[in-house]
Structures are given as structure tokens and as C-alpha cells.
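Grab a pencil and work through these exercises with the structure open beside you. Try each task before you read its solution.

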Amino acid sequence: MRRSMLFLPGNNPNLLINGNCLGADAVIFDLEDAVAPAEKDGARILVRNTMRYMDFRGCERIVRINGVDTPYWREDVDAVLPQRPELILLPKAGTAEDIRMLDAYMTEKEMHFGLEAGTVGIMALIETALGVENAYAIAAASGRVKALFLGAEDLTADLQCRRTKQSREIEYARTRLVVAARAAGVDVYDTPFTDVNDDDGMETDAELAKALGFNGKASISPRHVEIINRVFSPTPEQIEYAYQVLEAIEEAARQGKGAIALRGKMIDAPIVARARRTIEMAEALGLGREDV
Amino acid sequence: MEIIKRASAGTLESSDAYVQIEPHDGGLLLELESVVLAQFGDAIEAVVRDVADELGVKNVYIRIVDRGALDCVLRARVETALLRGRGNP
């Protein structure tokens, strides 16, 4: 479960070493945009050591490496792969070939380091017009791809439009990514909300992302993590309803009925599937029905 | 590994360390400035010598201004500085 993903600048020890206590379901150690070219080597070693020596139990570790169009990405993989992050985040994923190139290199390095092949996944950061158009091919390019992630700042620059809080300029990309990810059977994550002082705007943006089908949302600020976690968690009412759905289905089965109504609405397979997902998530969060 | 040029790594920010190195004959010479020198000076020196040993660096002058860096941070900054100062990377 990954409701929130918090970016941590790869060359900032103060944030890196405290990353595991900021409430995010996952942290993204950033070796790309947050690190100046002259500091890439230092950040790489610092992130490697943070992963090696700090305890991040309960918090997934994702590393944003540099893009495959840069001279840095192979050394990034060399440094962090032995620390077994859950995911490598590939920025500016534009084509399936970008993924296959990274996949092949990771496989080669896993063999080199004596790691089980395929244990580290890939998350593709879609932040170019080309990437949006190729979203499904990227998501389906390798079994390592576990998720797509929309990066709206670079995308709007590529689209030659202004990034706004209303986000109408990324409506197409958002829905396109959700559809592509679901078609490929992977997760999908929404772009960060970049005004760190606008909590209401943050919440509205997260609610929209949830309504569109995103699994969670990234953040560049620790103060947004709690809001994201709350928005992407099931509410007590949703948990109670999910249990009632499953009870209704069991009752229908006992009565030999193919369908049954709950609160005046027919319960069908998609509703049952949604209820199961809600309960799975509630259980993962330690929210039982008794807490409702 | 031979150190052939001056190099530095890290910052003076809180939880970080600023490491400067330069070529030096006659072993590892360490100059350390830290707010926790009295309590952790020996431990910091041990970390620095450990990193230098791992990289096979025998002769180097290292100056460190420590701003409360954890071991993993100090190790990273010393390693980065030494790698930046090496010959034939």
C-alpha cells in the first residue's frame, strides 16, 4: 500500500536520515532534479549509505535515478541496487525501450551482485508528451514495472502550457495514465501538489486524484503527507459499507440467489471487488470494523 | 588508492559534515572540528580511518568540520572526498 510518496533530496542528510519518521508510506530518495550535476557522486554515496545503515521498516524505499538520456543512471543503479530498494523510479520514461534498457541493466547488475533477478521493481515517471502517448506500452514493457507516476511540472513544460492549481492542463494525462496503468495491471500515482503552504488546495487536488482512480499521490513536503494519507484511506463509512456488501453477498449465496440488493442498490461484481479492496486496505492500515 | 589532488565533499549544514582532503606524505593526518569532539572524537576518527582503509588510502591529510553527522553520513562524505581526490578513477 502506497498512499503517499515523499520526495527526499538525495544530498540532504538532515531530511534523508529523518525520512522514515515523516509518516509517508514510501520515500523517494531523489538523485535527479534535487541534486546538482557536480554533486551526483556525493548524493549517490549518501543515499546508498542511508539505505544501508538506516532502518526504514514500514516505509518503502524508492530511488529516483537519473534518466537514461544522462551519463549518470548506470552509476546510480550500481550504487543503490545492492541495497534492494522496493522500486527504481525512472524519470522521463518516454518509450518502452527506455524501460527495457533499464530492466536489462538491472538484471545484469543483479547477477553481478548475486541478487535474485527481478526483485527490485520499476516505477515509470511519465512527464513528457511522448511518455503520456506511450503510457500503456511503458507500463507493459517489463514485469518489473509496478507503477506509473505522473510528473506534471516537466509535462506541462513539454506541452508548452502553464501549470495551474486548477490542473485542467493535465486532465488528459491524468485519465490517460489511470487507464493505461489499469490496462497493464499496475498501480498509478499522481503528481505532487507544489504549493506547500496551501493545505486546502492540496486536499482538493488529492481528492480529485483519488476520484480519478489514482492509488496515491507524491509530495515534495512532509506537511502534505498526512493530508494525502487521509484522503487515500478508506473512511469509517466506506469500511462499514464494504463489510455490509460482503455480508449481503454471503447471504445471497446462502439463499441461492445470484444477486442481492443493499440499501436499495443491486450488489454486483464490481461493487464486491471494490468492497474487497476497501477491506484489504483497511486491514493493512489496522482499521478493523470494530474501529468504525 | 593514491590521493593526488585537493578535494572536498559535504556541507556545513546541520546533520552533515564538510570534508577536505589533500595529498600528504607519512600516513593519515586527521584534523577534526566538531561540537561533539569530546564525546565522539575517537568514534569519528575510527570511522574516518575505516573508510580510508576500505579504499586503500594510506597517505592523506583530512580536515573535517562536523555538524552532527551520523556515521552513515560521515562515511559517505569521507568516501566522496577521497574518491574525488584520487588519481586514475
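**Exercise 1.** How many residues of chain A are in contact with chain B, and which elements of chain A do they come from?

*Solution.* Keep in mind that this is a predicted model.
- Start with the head count: 14 residues of chain A are in contact with 13 residues of chain B.
- Next, look at the area. The two chains bury about 1,200 Å² between them, and 56% of it is on carbon and sulfur atoms. A:P13, A:I17 and A:I45 supply 34% of what chain A buries here, more than any other three residues.
- Then check the polar side of things: seven residue pairs are in polar contact between chain A and chain B.
- Now find the elements. On chain A's side, α1 (13-18) and α2 (40-53) are the ones that give two or more residues. The largest share, seven residues, comes from α2(A).
- Finally, sort chain A's side by type: seven nonpolar, four polar and three charged.

**Exercise 2.** Which parts of chain B does the salt bridge between B:E31 and B:R63 link?

*Solution.* 
- First the distance: the closest N and O atoms of B:E31 and B:R63 are 3.5 Å apart.
- Now trace the chain. B:E31 is in strand β3 (residues 28-34) and B:R63 is in strand β4 (residues 60-66), so the pair links distant parts of the chain, 32 residues apart.
- Both ends are partly exposed: B:E31 has a relative accessible area of 38%, and B:R63 has 26%.

**Exercise 3.** Why is A:C59 in no disulfide?

*Solution.* 
- The whole structure has zero disulfides.
- For A:C59, the closest cysteine sulfur is in A:C21, 9.4 Å away, so it's too far for a bond.
- A:C59 is also buried, with 6% relative accessible area.
- B:C72 counts as buried at 3%.

Technical notes. Residues numbered from 1 in each chain as written. Chains lettered and ligands numbered in written order. Predicted model: local features only at pLDDT ≥ 70, side-chain atom pairs only at ≥ 80, totals over all residues. Heavy atoms only, no water. Contact = heavy atoms within 4.5 Å. Buried area = accessible area lost by both parts, 1.4 Å probe. Polar contact = N/O pair within 3.5 Å; in protein donor to acceptor, adjacent residues only side chain to side chain. Helix = DSSP H or I, 4+ residues; strand = E, 2+ residues; numbered from the N terminus. Nonpolar A, V, L, I, M, F, W, Y, C, P; charged D, E, K, R; others polar. Disulfide = S-S within 2.5 Å. Buried < 20%, exposed > 50% of the residue type's maximum accessible area, 1.4 Å probe, protein only. Salt bridge = Lys/Arg side-chain N within 4 Å of Asp/Glu carboxyl O.
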